[in-house]
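Reader: Hi! Could you walk me through this structure in plain words?
Author: Happy to, let's look at it together.

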Amino acid sequence: MHGEYKVPGGKLVVVDLDVEEGVLRRVRVAGDFFLEPDEAILAIDRALEGAPADTGAAGLAARIDQALPPGTEMYGLTTEGIGVAVRRALAHATDWTDYDWQLVHEPPQAPALHMALDEVLTAEVAAGRRPPTLRVWEWGAPAVVIGSFQSLRNEVDREAAERHGIEVVRRISGGGAMFIEPGNTITYSLSVPDALVQGLSFTDSYAYLDDWVLGALGDMGIKAWYQPLNDIATDAGKIAGAAQKRVVGGEGAVLHHVTMAYDIDADKMTEVLRIGREKLSDKGTKSARKRVDPLRRQTGLPREAVIDRMIASFRGRYGLTEGRITEEELALAKELAETKFATPEWTARVP
C-alpha cells in the first residue's frame, strides 16, 4: 500500500507498507523533508512496524514520538503528518495528480445559481460523470451568503441588505456568512472525489485542499497560512474563509469552496452583517475592517491578474484543462436555484 501527504506548509511524506494479520508490516517512510539525525528515519519505521492497522493518526504519531532519538530535529515534517500518510495508504487514497482536472470559469451568474451549481457539479463528480473541477466564480449581483446552519435573523440585517440591493442566499455547506460585491472578492470551488481526502480528518482535509492556494499566494509575495478550522491568514489578518460539504451517492465527493477578500467595503459589510463585538474579539480584532485584509493592497495586482496567477499555479502543480458547464448541468442548476436556493423556505430554514 502506498500513501502520500504534503504537510501543510511543509514537505511531502510518502509511506509504503503492507498489512498482515491486522498489523503494519514492512513500513518505509520517505519524502523530501529534512530530518536529523540520520538514524531517526529508521526509528520511525521501527515505531510503525507492528502497529495495529486501525490505529488513528494521533496514535501513530504518539508511537513515533516515543521512539525518536533524543535531540531529533524535523524540518517540513511532523509525526502527525507521518500518521496521516499511513492512514491514507490504508484507505487507498488518491493523489491530486491521479486526475485530469477541469477548469470552469464562466461569465457572471446570479447568487442563487452559484449555490445550485456547487451542488450539481459536485454531485456529478460523485457520480463519475464529471472530472474533478476547479470552478472560479464571477458574481452577477452583490450578495450575502450564509452557512447552512446559520440563523438568518441573527446574521443579516434584512433592511440594510434591501437598502443596498444585496441578495441573501443560503449555501449547502456550514460555516459563517460571506459578504460579496462583484469585483471585490475571489471565490472558487473545488469539487473533488472523496478518495482524494481519504485518511484525512475533517480538519486535515481543509488544510490539504487549501495547500495549493497557499503556494499560489506565496508566488505573489504573500506569506499565508492555514488557520484552523477554515481560515487563510497572513500577518496582516484573515484574507479568506473556506467551507465544505460531503456529497453522497456514487463514489462520493467533497465540495470545498473559498471566498477571498480582494477589496471589501468593510463599512457596508458591517451594516449588512450582524457582526457582534464578541465575535470580533474572538478573532483578536477590534474592527471588521481589520478582519478582512484585501488582496488588492497586499499584491498590488488587478483582481483578474490574481485569478490568472492562481489558475496558473494550480495548472503547474496538477494540470488543468479548460472546461465548461454542460447544458444538462446548467438546466439542473437553474431548476434547483428556482425550487430551492431562491425560495424563502430554504433561505429562512433557520429563521
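Author: Let's start with an open sheet of three strands, which has the order β9-β8-β10 and mixed pairing. The edge strands are β9 (167–170) and β10 (178–180), each pairing on one side only. From one strand to the next, the twist averages 20 degrees. Two strands pair if DSSP finds at least two bridges between them. Strands (E, at least two residues) and helices (H or I, at least four residues) are DSSP runs, numbered from the N terminus. For the angles, axes are lines fitted to C-alpha atoms, for helices over the stretch in contact, and angles run from 0 to 180 degrees between N-to-C directions.

Reader: Thanks! Before we go on, what kind of model is this?
Author: This is a predicted model: local features need pLDDT of at least 70 and side-chain atom pairs count only at pLDDT 80 or more, while totals for chains, interfaces and linings use all residues. Residues are numbered from 1 along each chain as its sequence is written, and side-chain values use heavy atoms, with hydrogens and water left out.

Reader: Okay, back to the sheet. How many bridges join β8 to β10?
Author: Three bridges join β8 (residues 143–146) to β10, and these two strands run antiparallel. Ala-143 has Ile-180 as its bridge partner in β10, and Val-144 has Phe-179.

Reader: And in which sense do β8 and β9 pair?
Author: They pair in the parallel sense, over four bridges.

Reader: Which way do the residues of β8 point?
Author: Ala-143 and Val-145 point one way, Val-144 and Ile-146 point the other way, and all are buried. Buried means under 20% relative accessible area, exposed means over 50%, and partly exposed is in between (1.4 Å probe, protein chains only). In general, side chains in a regular strand alternate between the two faces of the sheet.

Reader: Nice. Which helix lies across β8 and β9?
Author: That's α4 (residues 111–127), running at about 15 degrees to β9. Thr-122 has its place in this helix.

Reader: Is Thr-122 buried or exposed?
Author: Thr-122 counts as buried because its relative accessibility is 0%. A polar atom of its side chain lies 2.7 Å from the backbone oxygen of Asp-118. For a polar contact, a pair of N or O atoms must be within 3.5 Å; within protein, one must be able to donate a hydrogen and the other to accept it, and residues adjacent in sequence count only if both atoms are side-chain atoms.

Reader: What else is Thr-122 in contact with?
Author: Leaving aside neighbours within four places in sequence, Thr-122 is in contact with Leu-117, Ser-191, Val-247, Ala-253, Val-254 and Leu-255. Contact here means heavy atoms within 4.5 Å.

Reader: New topic: which residues of α1 are buried?
Author: In α1 (residues 40–48), they are Ala-40, Ala-43, Ile-44, Asp-45, Ala-47 and Leu-48. Those buried residues pack against β3 (23–31), β4 (34–36), α2 (57–67), β5 (73–75) and α3 (79–90). After α1 comes Gly-50, with a positive phi near 85 degrees.

Reader: At what angle do α1 and α2 pack?
Author: At about 135 degrees, with their axes 9 Å apart. The two helices are therefore oblique to each other. The cut-offs are under 35 degrees for roughly parallel, over 145 for roughly antiparallel, 65 to 115 for roughly perpendicular, and oblique for the rest. Ala-43, Ile-44, Ala-47 and Leu-48 in α1 meet Leu-60, Arg-63, Ile-64 and Ala-67 in α2.

Reader: What about Thr-55, where does it lie?
Author: Thr-55 lies in the loop between α1 and α2, and it is buried, with a relative accessible area of 16%. Its side chain reaches the backbone oxygen of Pro-52 at 2.7 Å. Leaving aside neighbours within four places in sequence, Thr-55 is in contact with Leu-60 and Arg-87.

Reader: Last one: how many residues of β11 are buried?
Author: Nine of the nine residues of β11 (residues 185–193) are buried, so this strand is largely enclosed by the rest of the structure. Four bridges join β7 (residues 133–136) to β11, running antiparallel, and Arg-135 stands opposite Ser-189. β11 also pairs with β15 (residues 253–261) in the antiparallel sense over nine bridges, where Thr-187 stands opposite Thr-259.
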